[in-house]
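Q: Hi! I'm new to reading protein structures, could you walk me through this one?
A: Happy to, let's bring it up and go through it together.

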Amino acid sequence: MVDLAKGQDNIPLASISCMTYNHAPFVKQCLDHLLAQKTNFPFEIVIHDDASTDGTKEIVEEYASKYPDIIFPYYQNENQYSKGLRGLPSRYNYPRCRGRYIAICEGDDYWPDQLKLQRQVDFLESHENFVLTFHDFRVVDEKNQIIVASPLPKRYQRDASSEDLILGRFLTMTVTLCFRNVIKEFPPEKYKVTNGDTFLISMLGHYGKGKWMGDVIEKAMYRSHHGGVWSMVGSDDKLPVRVNTFYWLYSYYNRIGKKAYALKWYGQILYAVMMFESGINVAKNDHYTDGPYARSALSRNILQKTLHWWKLLCRKILFKIALWLK
């Protein structure tokens with residue numbers, strides 16, 4: 001654990017962003033694991049509680065009173081998410097993070113590896129061309145029983161180029177991320193998406209590459225339960241959520257004049273729709289379905305969908321022409 005005697009005047013090198021909402025059954029485990037991190041530098045835990053009603057706030061208050069130099073909470077009086085506000089970490093946590101690096105751990109997740117933060121920060125400190133680090137995870141239920149031991153396919157267990165990050169190559173769950181605190185202001189488009197993590201990673205890609213550290217860091221624990229924001233989204237609803245994210249990324253890059261990236265994100269929208277129309281719900285597969293399944297399922301009805309695909313392709317070509325002539 002970091003030395004508490006260093007005092008609050010010691011600016012943290014790393015900040016841990018923790019979002020909580022009705023996480024009373026899990027938040028103690030989360031905070032205990034965060035406080036157990038073994039580092040040779042000071043770190044802080046920046047918490048945003050979105051007006052929990054199940055006792056989460058009282059638990060956070062208890063921990064904040066014990067560790068006032070490490071835990072910095074912010075409590076909402078009204079639930080912001082239910083009011084339609086999105087991008088809550090970007091609104092309420094990231095601006096308060098004083099560290100050179102930001103790691104993410106929501107109040108219902110936890111880190112078993114006590115050296116996770118140290119190893120990720122060490123790597124970023126010595127590799128200026130990398131903007132973030134990531135690793136593997138396990139999916140656990142409400143009772144800490146493992147649901148999926150290693151959901152990340154091998155093809156994702158590798159470094160990511162800057163282009164990979166910008167164009168939305170899936171990395172892992174945010175519970176594994178540690179990135180440079182380089183974005184001081186987010187564009188308005190980010191606050192219109194539900195899945196802000198994809199937007200964040202795309203923006204970070206302009207500052208460097210991503211490092212896969214699954215070979216040196218124990219898997220983090222991502223919790224799937226009925227109270228989770230993403231867990232509560234049904235399979236049929238995840239596709240429009242992703243398309244919404246892709247659309248606002250397209251709009252963002254189009255607005256700032258990066259038309260090549262805008263067209264790539266528009267292509268992501270078309271691809272998602274085509275896969276869905278072909279009977280493959282990429283949202284339901286949640287990134288983890290292996291490539292061979294997708295290809296075989298696609299081939300089963302490709303003849304039936306060829307005409308539909310050609311129509312979409314023609315629309316894409318016409319859209320590109322209109323965009324470039326604009």
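Q: Let's start with Ile16. What is its bridge partner in S4?
A: The partner of Ile16 in S4 is Ala103. Keep in mind that this is a predicted model.

Q: And which residue does Ile16 pair with in S2?
A: In S2, Ile16 has Ile45 as its bridge partner. S1 and S2 run parallel and are joined by seven bridges.

Q: How does the chain get from S1 to S2?
A: It crosses through H1, making a β-α-β crossover that is right-handed.

Q: How many bridges link S1 to S4?
A: Four bridges, and these two strands run parallel. Ser15, for example, stands opposite Ile102 in S4.

Q: Is S1 buried or exposed?
A: Seven of the seven residues of S1 are buried, so the strand is largely enclosed by the rest of the structure. Ala14, Ile16, Cys18 and Thr20 point one way, while Ser15, Ser17 and Met19 point the other way.

Q: OK, zooming out. What is the strand order in the open sheet of seven strands?
A: The order is S3-S2-S1-S4-S8-S5-S9, and the pairing is mixed. Strands S3 (71-75) and S9 stand at the edges with a single partner strand each, so one side of each has no neighbour in the sheet. From one strand to the next, the twist averages 20 degrees.

Q: Remind me, how do strands in a sheet hold on to each other?
A: Strands of a sheet pair through backbone hydrogen bonds, in either a parallel or an antiparallel way.

Q: What about S2 and S3, in which sense do they pair?
A: They pair in the parallel sense, over five bridges. In that pairing, His48 stands opposite Tyr74 in S3. The chain goes from S2 through helix H2 (residues 56-66) to S3, and this β-α-β crossover is right-handed.

Q: Switching to helices. Which residues of H4 are buried?
A: In helix H4 (residues 116-126), the buried ones are Lys116, Leu117, Gln118, Gln120, Val121, Phe123 and Leu124.

Q: Which strands do those residues pack against?
A: They pack against S1 (14-20), S2 (43-49), S4 (101-104), S5 (130-134), S8 (178-180) and S9 (209-212).

Q: And H6, how many of its residues are buried?
A: Eight of the nine residues of helix H6 (residues 196-204) are buried, so H6 is largely enclosed by the rest of the structure. Among them are Phe199, Leu200, Ile201 and Met203.

Q: I also spotted an open sheet of three strands. What is its order?
A: That one goes S7-S6-S10, with mixed pairing. S7 (146-148) and S10 (220-223) stand at the edges with a single partner strand each, so one side of each is left without a neighbour in the sheet. On average, neighbouring strands here are turned by 50 degrees against each other, direction ignored.

Q: How do S6 and S10 pair?
A: Strand S6 (residues 137-140) and S10 pair in the parallel sense over four bridges.

Q: Last topic: how many cavities of 30 Å³ or more turn up?
A: A search of the whole structure finds two.

Q: Which residues line the second largest cavity?
A: Its lining includes Tyr94, Ile102, Phe179, Arg180, Phe186 and Leu204. You've already met Ile102, which is opposite Ser15, and Leu204 is one of the buried residues of H6.

Notes
Residues are numbered from 1 along each chain as its sequence is written. This is a predicted model: local features need pLDDT of at least 70, side-chain atom pairs count only at pLDDT 80 or more; totals for chains, interfaces and linings use all residues. Side-chain values use heavy atoms; hydrogens and water are left out. Buried means under 20% relative accessible area, exposed over 50%, partly exposed in between (1.4 Å probe, protein chains only). Contact means heavy atoms within 4.5 Å. Two strands pair if DSSP finds at least two bridges between them. Axes are lines fitted to C-alpha atoms, for helices over the stretch in contact, and angles run from 0 to 180 degrees between N-to-C directions. A crossover is right-handed if, with the strands pointing away from the viewer, the path from the first strand over the helix to the second runs clockwise. On a 1 Å grid over the protein atoms alone, a cavity is a set of points where a 1.4 Å probe fits but cannot get out, and a pocket is an open set with protein on both sides within 12 Å along at least five of seven lines; lining residues have an atom within 4 Å of a point. Grid points are joined across faces, edges and corners, and a volume is the space filled by probe spheres set on the points.
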